Amino acid sequence: MLLHQFFKFLKLLHSDTSTHQLSAGFVLGMFLGVTPALTLHWFCYFILLLVLRANIGAAMLSWAGFGILAFLLDPVFHKVGLYLLTQVAAVQPLWTTLYQTPLVPFTRFYNSIVMGSLAGQLLLAVPLFWISGVLIKKYRLVVVSRFKGTWMFRAWKASKLSDLYDKYQEFRG
Amino acid sequence: MTSIRSFVAEEKKRLSPIRWKGFVPVLVLFSALFIYFTFFFDIHLKKLLEWAGTQSNGAKVDIVRVKTSFIHTDFRLNGLQVTSHSDPMKNLIEVDNMHFQFSLPQIFKKKLVISDMSITGMQYGTARKTSGYVPKKPSKGPGFLDKVSQAANAGLKSVMDQLPLENLEGLFKGNPLDRVEKLGEDSFSFKKIREVETQVNTSVEDWKKQVVELPNENTLKDYRSRIENAVSQRPNNPDEFVRNIQTVQSIKSDVEAQVGKVEALQKSVTSNVEATVKNVASIDDAMEQDIASIRSKLKIPSLNFKDITPQLLGPKIMHTIEQAAYWAELTRKYMPKRKKGESHTTQEREKGTDVYFGGMNVYPKFLLQHAGIQSNVSTNPNHGNVRGDLTNVTNDPRLLGKPARLDIQADFPTSRIQGAKIEAVVDHTTDRNKELFGISVNSFPVEDWKIAESGPIQIALQKAQGKAGFNIQFGEEEMRATLQATLSNVQYVSGSTTPELAKILERVLKNLKSFGIRGSVEGTLSHLRFNLTSDLGSRIASGIKDEFQERIAALNEQIRKEVMGQILQKKKVLQDRVEAEKKKALEPIERSLKQVREIVGVANSARERIEREKDNFIKSQLNKGTEEIRKNIKLPGKIPGF
């Protein structure tokens, strides 16, 4: 499944899909991957993925990759989360208020791994968006354009098979 | 020519950030949730409640129907059956309807706060169609119930060990002594006798050796003759007198040394004799040991008991205590105390740690504020008039600050149960757990109640009218239970494996139409003290004593005679020998001591006499000399002294 997602992503990189959509998909996928399931904000991320024009393919790939990474990072999230929940005196009143606020307890923010992953998400969201955007642009500029300059691609584009394939892709939408 | 693809790409660039088509799956999801909560949630909730109830109760919990309504914020439950974990084919309680009113704002805070609950149509002890047995899960370690059970068993056993009624069975079949072998060479008495014989032999040899060391007659004669010699001399000058005195003095010193020696000998021999006599007397202790051993082999009970109620009712009381401890353990598991000063409670989960953020005036995660219990008499014979309240049941008693409380008053006229009261208080608001359970019934019928089923005595109450109260309090590591009961108009069924016991029971129970039971169990979980008395137990004990005391006393006497008959003769032989040898040893010593002391006396008299003679001699010599001087010197006139 991971490979399938990867090849789909490669296809997206070679397509005209907006860089921002791909990056947003990446970031939302990261959120979904590191956030423990069955929490309120996980469902919110899922709905955002459906509703916002973030690329779902990129999100799926990112979700799978960060989901695996989350297993390895759980001990780190636990330590960070526990520290934030119990050791930082300045935010204790905030946590207490949030704990008694309607709907917020359904986020399970009081769990050390949820809090740690939330902190990780907030820290990584903007850098990941920016870095993924830069990398996608560079890939398109360097790799895709070079690939399109090769004799194989030009031969393929000149062939009737290519026309038939393009029409098939348009038909699929 | 612009390609379709580039046109589409251009179009895509102009689209809004919202994917409107994406709302379709969201709507589908919410619709699915709505359908689920409308049609399936109640079924799953019912299964969940049945599972959770079964896990808590340790026996099956069945529910007929559950109906939730988020709009009305209420929840109804019909047909609750809670199986009794001591009888899987019976329900502990059966409830027709339960209605819960919960607080919706608290639900949004992930808390279940039930502001009001009503229970109607409550029955107890109803029969089940299927068994409600659930196999027990192996526990990770000894829980509170295990500790209470162990302590209660140990406490009851220590009391019941003093009532070995089982030993009366078959005790008097035939001659009990035929079942016991005669005293052998390895018995305490025979071993002691051999030991004492050896010791007596050694002692006698010692005494003989010591007697030989006494000063002999010749030595004593020699002393006397030397003294007489010194006294009989007629010295001519004072020096000879002095020499004689010194001789007598020297003899006296020798004799006094002999006196010391003989006295020491006497002391040594006397103490040895006393030790030997004591050793011989200790054969009696060995005999007692043999007697006790025989009594133990025959398992003769001591009959030092006033009441056999612990043997009759002990196991039943144990069962009730264990049931109460089971519920106490359950409350400690689901309504745990928090340590003082702990601002956060943490609970280890499979993943991560949940941190609790308490505060002032906030609700705990689960709270049942008030439940009203009501049931009225109906055509169903198990229905009764039940009124009660259950308050402040919560998962965080310390946060709430109030103990959970249950009060029920009930009458079941069809079953002729009047004035039943149940009280329970679970206080986990402090560092120390406290639970109190109490049940009292003013009047209830008793039918076919087996008081004692196992052991040599079987007693069942065929019919009776009862009044009872039972109260038990658990602390952190201690407990206290009290029981009072009165049973009247009693009809018994009794029996025993021993004909004598059966006769006693018949005689006692014929005249015992009513009796009371009083009991208490208290102490720490490492040492519980049982105290159970009843008129029934004391009368049966008294009957047993009357019947068996004489027979046991006679049997004890028989055993004693049997043992003494084998041992006393040998003991007498030893005693006589010791007496004889004692005389042989002590008499010469006394005699010798007397003699040497006499010689000392003689030496003292001799010395005094020689002293006197010396003084007289010196006087006479002086007078003589004075006369001569007077004669030889003619003095004019009288001179004093001349």
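In the predicted model, Arg405(B) and Asp407(B) form a salt bridge, with the closest N and O atoms 3.1 Å apart; a salt bridge is defined here as a side-chain nitrogen of Lys or Arg within 4 Å of a carboxyl oxygen of Asp or Glu. Arg405(B) is partly exposed at a relative accessible area of 34%, and Asp407(B) is likewise partly exposed, at 24% (buried, under 20% relative accessible area; exposed, over 50%; partly exposed, in between; 1.4 Å probe, protein chains only). The model is a prediction in which local features need pLDDT of at least 70 and side-chain atom pairs count only at pLDDT 80 or more, whereas totals for chains, interfaces and linings use all residues. Residues are numbered from 1 along each chain as its sequence is written, chains are lettered from A in the order in which they are written, and side-chain values use heavy atoms, without hydrogens and water.

Over all chains, the structure holds 30 salt bridges. One of them joins Glu477(B) to Lys147(B) at 3.5 Å, N to O. This pair links distant parts of the chain, 330 residues apart: Glu477(B) lies in the loop between strands S13 (457-474) and S14 (478-496) of chain B, and Lys147(B) in helix H4 (residues 144-160) of chain B (helices, H or I, at least four residues; strands, E, at least two; both DSSP runs numbered from the N terminus). Glu477(B) is partly exposed, with a relative accessible area of 37%, as is Lys147(B), with 33%.

In H3(A), His41(A), Trp42(A), Tyr45(A), Leu49(A), Leu50(A) and Val51(A) are buried.
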